[in-house]
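Please open the model in your viewer and keep the selection tool ready.

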Amino acid sequence: MNRFLSNATNRIDAKGRVSVPAVFRSVLAQRDIQELYCFQDFVFPAISVGGPDVLERYERQIANEDPFSREGNEMSLLVHGGGVFMKLDAEGRLMVTDFIRDFTGITTEVCFVGRSDHFQLWQPQAFQEVQAAAREERRLRGLRAP
């Protein structure tokens, strides 16, 4: 399996670190991702985490825009201005920095959510509420779960 799927919640330790779920670390290893590109999600109060390929995909989109266009400038603000590089420590833990806490509201636990080619860090209650709202919205529109 080389995709990030499902979700899991882990507790932040006294030093401000959280263990990335083993199944997610396995995908990172399979995809040979050493440095993590972390950025503020464009819609949700979550931090998206992926490899350099995720950043490169967004940079290709920006490069296709007129550099003076509003669209190109907004994309760069989100992709570059809302992103940082991070690394896991030797035990597969991620430091939960102010960058993550301030944007997500995470305090004591992190919900890891698979999003195929990347995963996200959520405040657990926020993830449950947004996921339930998405289900309800699909039900009201007469759509079924994919």
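This is a predicted model: local features need pLDDT of at least 70, side-chain atom pairs count only at pLDDT 80 or more; totals for chains, interfaces and linings use all residues.

Buried means under 20% relative accessible area, exposed means over 50%, and partly exposed is in between, with a 1.4 Å probe and protein chains only. By that cut-off, 36% of the 146 residues of the protein count as buried.

**Stop 1: the whole chain**

Switch to a cartoon view. You will find 5 helices and 8 strands; helices (H or I, at least four residues) and strands (E, at least two) are DSSP runs, numbered from the N terminus. Following the sequence, the pattern reads β-β-α-β-β-α-α-β-β-α-β-β-α. The radius of gyration is 16 Å, close to the 15 Å that the globule rule gives for 146 residues, so the protein is as compact as a globular protein of that length. That radius is taken over C-alpha atoms, and the rule is 2.2 Å times the number of residues to the power 0.38. Along its principal axes, the C-alpha trace spans about 45 × 40 × 30 Å.

**Stop 2: Phe-24 and Phe-112**

Now show the aromatic side chains. Rings of Phe, Tyr and Trp (its six-membered ring) pair if their centres lie within 6.5 Å; planes under 30 degrees apart count as stacked, over 60 as edge-to-face and the rest as tilted. This rule gives 12 aromatic pairs. Select Phe-24 and Phe-112: their ring centres are 6.5 Å apart and their planes are at 80 degrees, so the pair is edge-to-face. Phe-24 sits in helix α1 (residues 22-30) and Phe-112 in strand β7 (residues 109-114), so this pair links distant parts of the chain, 88 residues apart.

**Stop 3: Phe-39 and Tyr-58**

Next, select Phe-39 and Tyr-58, an edge-to-face pair with 5.5 Å centre to centre and 75 degrees between the planes. Phe-39 belongs to strand β3 (residues 36-40) and Tyr-58 to helix α2 (residues 52-63), so the pair ties together parts 19 residues apart in sequence. Phe-39 is buried at 1% relative accessibility; Tyr-58 is buried too, at 12%.

Note on methods: Residues are numbered from 1 along each chain as its sequence is written. Side-chain values use heavy atoms; hydrogens and water are left out.
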